[in-house]
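Please keep the sequence and the model in view while reading.

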Amino acid sequence: MKTILKIEELTQFLFGIFLFSQLDYAWWWFPALLLTPDIGMLGYLINTKVGAFTYNLFHHKAIGIAIGLSGFYLNNSLLILIGVILFSHASFDRIFGYGLKYPDSFKNTHLGSIGK
């Protein structure tokens, strides 16, 4: 089952690359921005509950989709870019087993425990 989930996430990541290719940004913006959603981990400097909230805020695909669709609706390419990056980053992370976090520990995710 884990292999099937990883293939699904890889497919979504590739879809994110395709979506980015439809935007009017230089190709190098995609890899340059791909890791920026990890800024959500800064919440862990406060505590695990805040960290899980901020991490999940920046790694929830529905939020990325909502921002991207709002950019499409408002004809705002920056919002579309932000949405594509958030969506793509979440898929990229999940390929490697980094899921949405529970508030008790960074390693406790909706995909199971990281490292097991």
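Is Lys61 buried or exposed? Lys61 is buried, with a relative accessible area of 11%; buried means under 20% relative accessible area, exposed over 50%, and partly exposed in between, with a 1.4 Å probe and protein chains only.

This is a predicted model, in which local features need pLDDT of at least 70, side-chain atom pairs count only at pLDDT 80 or more, and totals for chains, interfaces and linings use all residues. Residues are numbered from 1 along each chain as its sequence is written, and side-chain values use heavy atoms, with hydrogens and water left out.

**Salt bridge**

- The structure holds one salt bridge, a term for a side-chain nitrogen of Lys or Arg within 4 Å of a carboxyl oxygen of Asp or Glu.
- Glu9 and Lys61 form a salt bridge, and their closest N and O atoms are 2.4 Å apart.
- Glu9 belongs to helix α1 (residues 2-21) and Lys61 to helix α4 (residues 61-73), so the pair ties together parts that are 52 residues apart in sequence.
- Helices (H or I, at least four residues) and strands (E, at least two) are DSSP runs, numbered from the N terminus.
- Glu9 is buried, with a relative accessible area of 11%.

**Lys101**

- Lys101 is part of strand β1 (residues 101-102).
- Lys101 is buried yet has no salt bridge, and Asp93, the nearest side chain of opposite charge, is 6.7 Å away; here Lys and Arg count as positive and Asp and Glu as negative, while His and the chain ends are not counted.
- The backbone oxygen of Gly99 is reached by the side chain of Lys101 at 3.4 Å.
- Neighbours within four places in sequence aside, the residues in contact (heavy atoms within 4.5 Å) with Lys101 include Tyr44, Tyr55, Phe106 and Ile114.

**Exposed residues**

- Phe53 lies in helix α3 (residues 48-59) and is exposed, with a relative accessible area of 56%.
- Phe96 is found in the loop between α5 (77-95) and β1, and it counts as exposed at 54% relative accessibility.
- Between Phe96 and Leu10 there are 10.0 Å in space, C-alpha to C-alpha, although the two are 86 residues apart in sequence.
- Asn75 lies in the loop between α4 and α5 and counts as exposed at 73% relative accessibility.
- The phi angle of Asn75 is near 55 degrees, a positive value in a residue other than glycine.

Conventions: Polar contact = N/O pair within 3.5 Å; in protein donor to acceptor, adjacent residues only side chain to side chain.
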